[in-house]
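Good morning, and thank you for coming.

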Amino acid sequence: MREQVIASRGSRRPVAPARDVVQRPARRGNSRAREARTFSPRTLFAYVPSALKVILLILTLVTVIVGYRVAASASLFQVRGIDVVGTSRTSAEEIESLTRRAVARTGVWRADLSAISSELGRLPGVRRAIVSRVLPDGLRVRITERVPVAVVHTSAGHFVWVDDDGMALGEMKPADHLPPFFIRGWNEEGTDEGRQENIERVRKYLEAVREWGAVGLSERVSEVNLIDVRDVRVQLAGNDSQIEVRLGGDELGKRLKLALDVFDEYKQTPRGSSITYVDLQGNRVVIGFSSGNKVSAGPDAAPAEPAPSVANSTPAAAPRQSNTNPTARGGSENASLNNNGQKAGKSKASRDQKPAGASRIPLR
């Protein structure tokens with residue numbers, strides 16, 4: 001008798017396929033190799049005690065410092081060449097010598113570049129110095145020089161170049177190009193206040209150079225006295241070197257032209273050779289005279305030998321101007337200058353006197 005196996009009928013519902021299921025094969029390999037690959041120095045450092053970590057850090061720092069000092073003091077960094085650029089009036093040999101002395105012990109690598117730059121910047125004629133390394137054994141020095149703009153006639157009789165900051169740059173040499181005219185009345189004390197005053201004097205000088213050059217009068221000026229920038233005084237050049245022109249502090253070009261026009265006209269008169277100064281006072285011109293080699297500030301003043309910068313009126317004994325001259329009127333100018341160009345005070349007697357040697361000419 002045969003047995004019949006009746007297969008069970010499955011569910012008629014279709015089996016839904018699995019969604020988004022990705023099967024990946026499992027990794028095969030040695031477990032010991034995986035453990036070896038996960039090993040790192042950080043893992044090992046975690047087992048080192050804290051005290052040992054500090055010791056290792058200190059030893060590392062000491063090694064770096066010692067190595068740096070050894071490398072810096074090696075002969076490889078000893079200075080062998082110094083390149084100086086930007087010098088024309090300043091001595092490049094002097095700058096190189098100072099720089100070489102500054103790095104003789106430290107070498108190029110440890111050289112204090114800021115200190116060297118500051119030291120070089122204090123040299124006469126140097127406005128700014130920049131020092132840089134050229135490894136392994138060189139230095140480069142870039143110099144920005146001060147530019148001379150004027151020559152000062154000092155109280156000792158020297159002629160010294162100065163720049164726009166009033167810094168002295170050394171005496172004028174015979175081969176130097178002459179400036180249009182010189183400066184008098186320089187403050188030589190060396191104080192901060194004096195330096196500020198000298199800066200103002202240089203500015204006023206440059207203003208005069210521009211304005212007088214524009215009207216073509218620079219060649220007629222020998223020196224400009226700037227002891228007071230609000231009372232500019234000019235010493236003429238050439239055959240008129242004994243004449244002082246007092247201009248005030250503004251409109252220097254216009255006022256000098258007016259003063260010289262009146263002076264040139266009056267110089268043609270018989271008394272033209274005795275003129276000592278021309279003074280612009282507001283809207284009029286005052287011309288002062290001298291008498292021979294002596295100068296008098298009034299009828300009772302004792303005669304005195306005139307200094308090169310002295311300007312005064314004629315003594316009262318001089319004949320008066322004839323009233324037929326329409327440009328001459330009564331009046332006086334009794335101001336005088338000392339040897340440094342400073343204006344001396346007027347005595348009461350001199351203010352009351354009206355010598356005939358000073359003529360007042362109204363400006364047109």
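This is a predicted model: local features need pLDDT of at least 70, side-chain atom pairs count only at pLDDT 80 or more; totals for chains, interfaces and linings use all residues.

Against which elements do the buried residues of H4 pack? They pack against E1, helix H5 (113-121) and strand E3 (138-145). Residues are numbered from 1 along each chain as its sequence is written, and side-chain values use heavy atoms, with hydrogens and water left out.

Some terms are needed at once. Helices (H or I, at least four residues) and strands (E, at least two) are DSSP runs, numbered from the N terminus. Buried means under 20% relative accessible area, exposed means over 50%, and partly exposed lies in between, with a 1.4 Å probe and protein chains only. Contact means heavy atoms within 4.5 Å.

By these terms, the protein chain has eight helices and 13 strands. Of its 364 residues, 35% are buried. Among contacts with a separation of 6 or more, 53% are between residues 24 or more positions apart.

Let us return to H4. Its buried residues are Ile-95, Leu-98 and Thr-99. As a general rule, an α-helix has 3.6 residues a turn, so residues three or four places apart point the same way.

Thr-99 has a relative accessibility of 0%. Leaving aside neighbours within four places in sequence, Thr-99 is in contact with Ile-82, Ile-116, Leu-120, Leu-139 and Val-141. Thr-90 is found in the loop between strand E1 (81-85) and helix H4 (92-102). Thr-90 is also buried, at 12%, and its contacts beyond four places in sequence include Ile-95 and Glu-145.

I turn now to the nonpolar cores. A nonpolar core is a set of buried Ala, Val, Leu, Ile, Met, Phe, Trp, Tyr and Cys residues joined through side-chain atoms within 4.5 Å. The largest has 33 residues, of which Ile-183, Trp-212, Val-224, Val-245, Leu-247 and Leu-256 touch the most other members. Which element gives the largest share of this core? That element is H7, with seven residues. A second, separate core of 18 residues includes Val-108, Leu-113, Ala-129 and Ile-143.

Leu-252 lies in helix H7 (residues 252-266) and is buried, with a relative accessible area of 0%. Not counting residues up to four places away in sequence, Leu-252 touches several residues, including Lys-204, Trp-212 and Leu-247. Leu-252 and Lys-204 are 48 residues apart along the chain, and their C-alpha atoms are separated by 9.6 Å.

Two backbone details deserve attention. In general, most residues other than glycine have a negative phi, and most peptide bonds are trans. Glu-251, in the loop between E10 and H7, has a positive phi, near 50°. A cis peptide bond, with omega about 10°, joins Leu-135 and Pro-136.

Finally, we come to the charged pairs. A salt bridge is a side-chain nitrogen of Lys or Arg within 4 Å of a carboxyl oxygen of Asp or Glu. The structure holds 22 salt bridges. In one of them, the side chains of Arg-127 and Asp-163 meet at 3.5 Å, N to O. Arg-127 lies in strand E2 and Asp-163 in the loop between strand E5 (159-162) and strand E6 (168-171), so the pair ties together parts that are 36 residues apart in sequence. Arg-127 is partly exposed, at 33%, whereas Asp-163 is buried, at 0%. Both belong to a network of salt bridges that also links Arg-146, Asp-164 and Asp-165.

How far apart are the closest N and O atoms of Glu-244 and Arg-246? They are 2.9 Å apart, and the two residues form a salt bridge. Glu-244 is buried, with a relative accessible area of 4%, and Arg-246 is buried as well, at 3%.

Thank you for your attention.
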